[in-house]
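Please open the model in your viewer and keep the selection panel at hand.

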Amino acid sequence: MDFRQRFLTALAHEEPDRVPLMGMILDTATTNQVLGKAPTDVIALLRKPLLRPILQGLMNNSWFWNRMYYSTASDILESAARLGFDANWTIYFRMRLEADAGNELGLVFHDVWGRVWELAPDGKGGLTTNYSRGLCSTEEQWEAWVGSRQPLFDRVIADAAVFHRRLVEAYGDRILSIGYAAPGIFENSWQPMGFVEFTRLVYQKPDFVKRVVAFHTDFYLRYLEAILGSGVDVVLGGDDLGQKTGPLMRPELIEKFYGDSYRRVTNLVHRHGKKLLWHSCGNIYPFLDRFVDWGIDGLVTLEPTAGMDLGKVREHVGHKLALVGNLDVSHLLVNGTREEIEDAVKNAVRGAARGGGYVLSAAHSHPHIDATRLRWMVDAAQQWGRYPIRV
Amino acid sequence: MHETLDAMKQSLLDLDMDGALTQARSIVAGAAGVSAQDGVNAVAEALQVVGKRFQDGEWFVGELVYAGEIATSAMQLLCADLAAGTRPRLGTIVVGTVAGDVHDLGKNIFVNFARSAGFDIVDLGVNVAAVQFVDAVKAHQPLAVGLSCLLTITAGEVGKVLDALGAAGLRDRVKVIIGGAALTEQFARDVAADAFAPDAVTGTDIVKSWSAG
């Protein structure tokens with residue numbers, strides 16, 4: 001079987017020749033390790049007075065941003081293919097570098113939906129970004145933000161379509177590029193406001209929250225339609241619905257505000273004859289039946305440090321959902337031993353792979369994930385993931 | 001319990017901000033016939049119930065956050081009416097998110113709960129360097145230090161804070177509790193923290209047990 005047959009067979013809950021392998025975001029530090037590239041200390045460059053305005057101007061230029069982002073995604077797929085993965089996420093994202101006096105660097109990213117992302121060293125000589133707060137904490141701020149950015153939203157959708165199509169054309173004979181429509185509707189609703197403000201609005205102004213959800217649902221469906229039209233075989237959606245010990249919001253509230261949106265998303269994907277995988281961090285046990293009800297085809301991540309256990313999830317959902325995950329990234333894929341990784345792969349295969357419907361992957365991605373340990377994961381999958389399963 | 005105190009407590013548990021604040025204002029205005037201290041105690045009791053519901057899996061982070069917001073707003077009204085020094089305090093906690101990490105949701109929930117429970121909080125904010133924790137411990141002589149860390153790549157900073165407290169000769173004088181998505185019970189043992197808090201409510205309970213001891 002080739003990578004495509006292997007992956008799609010598994011998603012159809014049939015047994016392929018072996019368990020397929022999928023990569024997550026793959027941070028630049030990890031792809032640099034795979035490709036033998038030196039990191040770029042973007043923060044140091046931005047501290048140089050002469051370079052700073054030039055770099056800021058370049059990053060805020062659409063052409064440059066798209067070129068830079070495509071190059072990063074291209075490195076991700078190249079690395080994933082070289083590691084031996086059958087598939088990998090690809091995400092298009094759009095941000096502007098803006099002055100911010102409250103930040104030590106004096107610069108932060110603003111994304112198109114109204115989030116602030118802080119720039120930080122990734123500990124490997126490069127750059128990482130972290131969501132820190134929203135720019136739309138009131139109803140008026142949110143209305144003003146989305147009201148003035150319609151052309152930008154349209155542009156993002158058009159650029160995302162080109163981005164994904166180019167990746168499929170360049171890598172489609174070597175690896176599946178899983179087009180990720182991110183951020184999701186829930187995250188796009190609350191993160192530009194901040195969780196505390198969003199929660200306050202849920203209880204005090206539910207009609208406004210419904211309007212926000214409707215806006216992001218319409219955007220998301222258009223965004224997803226563009227990705228679906230770019231030639232990808234599988235799409236990934238997602239929203240971080242969980243945190244370390246359980247759901248962020250009461251599942252009934254998520255159903256009330258987002259259930260119909262999620263059903264529209266899965267209906268759209270299925271009308272295109274494609275499968276929808278779904279990413280969520282955190283402990284999401286209370287959502288398992290809802291994922292099935294919403295029509296999602298598979299879950300990606302299943303964070304072990306939040307208590308998610310592949311075997312337990314399989315036991316609960318049977319083969320109603322494909323499962324993609326979930327090797328630990330807090331220790332195992334950072335500094336675990338080869339034996340520990342082999343044991344984890346065997347355990348994952350034992351818990352979820354029988355009958356197909358399982359794809360092996362790291363639980364998530366961050367800059368300290370070690371490429372050598374990803375190779376050990378691939379080696380173990382080659383040995384222990386062969387069908388029929390014998391672990 | 002008095003009718004007004006019951007109503008305020010129930011409003012908080014119904015996540016009714018307006019109702020809780022109406023009762024708090026009535027107490028402050030002297031119309032309810034109970035003291036502001038009684039009101040503060042009722043809010044703290046309500047938060048105990050909130051915490052129990054969260055730990056039992058009946059309530060989720062959204063409810064925890066909003067209940068904390070209601071409690072904080074009610075406390076602001078009630079405490080403004082209390083003479084300084086009249087509230088029984090459980091001790092001081094220095095709290096912050098470690099260097100390189102800018103996430104503050106979990107930390108802020110902990111701050112709301114611990115403050116409402118009777119602790120004085122010194123909140124250093126996010127992206128806090130080890131030396132800032134050391135300086136704050138020297139300045140405030142807290143019962144405990146709470147370190148929050150969401151990102152796996154900044155988990156190493158937790159150990160740095162503990163090392164810095166040790167190097168400054170302060171480690172024996174203060175308990176250290178850690179929490180956040182990147183951390184685990186095992187991690188707490190590895191860096192020799194005194195406790196790991198899987199959530200803000202449990203964290204508050206742990207520091208309370210230290211205060212009682």
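Two strands count as paired if DSSP finds at least two bridges between them, and the helices (H or I, at least four residues) and strands (E, at least two) named here are DSSP runs numbered from the N terminus. This is a predicted model, in which local features need pLDDT of at least 70 and side-chain atom pairs count only at pLDDT 80 or more, while totals for chains, interfaces and linings use all residues. Residues are numbered from 1 along each chain as its sequence is written, and chains are lettered from A and ligands numbered from 1 in the order in which they are written.

**The sheet of chain B**

Select residues 91–97 and 144–148 of chain B, which are strands S1 and S3, paired in the parallel sense over five bridges; within this pair, B:Val94 stands opposite B:Val145 of S3(B). Now widen the selection to the open sheet of five strands, whose order is S2-S1-S3-S4-S5 (chain B), with parallel pairing. Strands S2 (119–123) and S5 (195–197) of chain B are at the edges and have a single partner strand each, so one side of each is left without a neighbour in the sheet. From one strand to the next, the twist averages 25 degrees, where axes are lines fitted to C-alpha atoms (for helices over the stretch in contact) and angles run from 0 to 180 degrees between N-to-C directions.

Contact here means that the C-beta atoms of two residues, placed from the backbone, lie within 7 Å. Helix H9 (residues 200–212) of chain B also packs on the sheet, touching S1, S2, S3, S4 (175–179) and S5 of chain B, and its direction makes about 170 degrees with that of S4(B).

**Chain A**

Chain A holds 16 helices and 14 strands, and its C-alpha trace spans about 60 × 50 × 35 Å along its principal axes. Of its 391 residues, 48% count as buried, that is, with 20 or more other C-beta atoms within 10 Å of their own C-beta, as placed from the backbone.

Select strand S2 (residues 87–91) of chain A, where four of the five residues are buried, so the strand is largely enclosed by the rest of the structure. S2(A) runs parallel to strand S1 (residues 21–23) of chain A, joined by two bridges, and A:Asn88 is the bridge partner of A:Gly23. S2(A) also pairs in the parallel sense with strand S7 (residues 176–180) of chain A over five bridges, with A:Leu176 as the bridge partner of A:Ala87.

**Where the chains meet**

How many residues of chain A are in contact with chain B? There are 29, and they meet 21 residues of chain B. The elements giving two or more residues to this side of chain A are strands S5 (115–121), S6 (127–134) and S10 (246–247) and helix H9 (195–204), and the largest share, seven residues, comes from H9(A).

Finish at A:Lys244, in the loop between strand S9 (242–243) and S10 of chain A, which counts as buried because it has 22 C-beta neighbours inside 10 Å. Leaving aside neighbours within four places in sequence, A:Lys244 is in contact with A:Gly282, A:Asn283, A:Ala306, B:Ala181 and B:Pro198.

Key: Buried ≥ 20, exposed ≤ 12 C-beta atoms within 10 Å, placed from the backbone.
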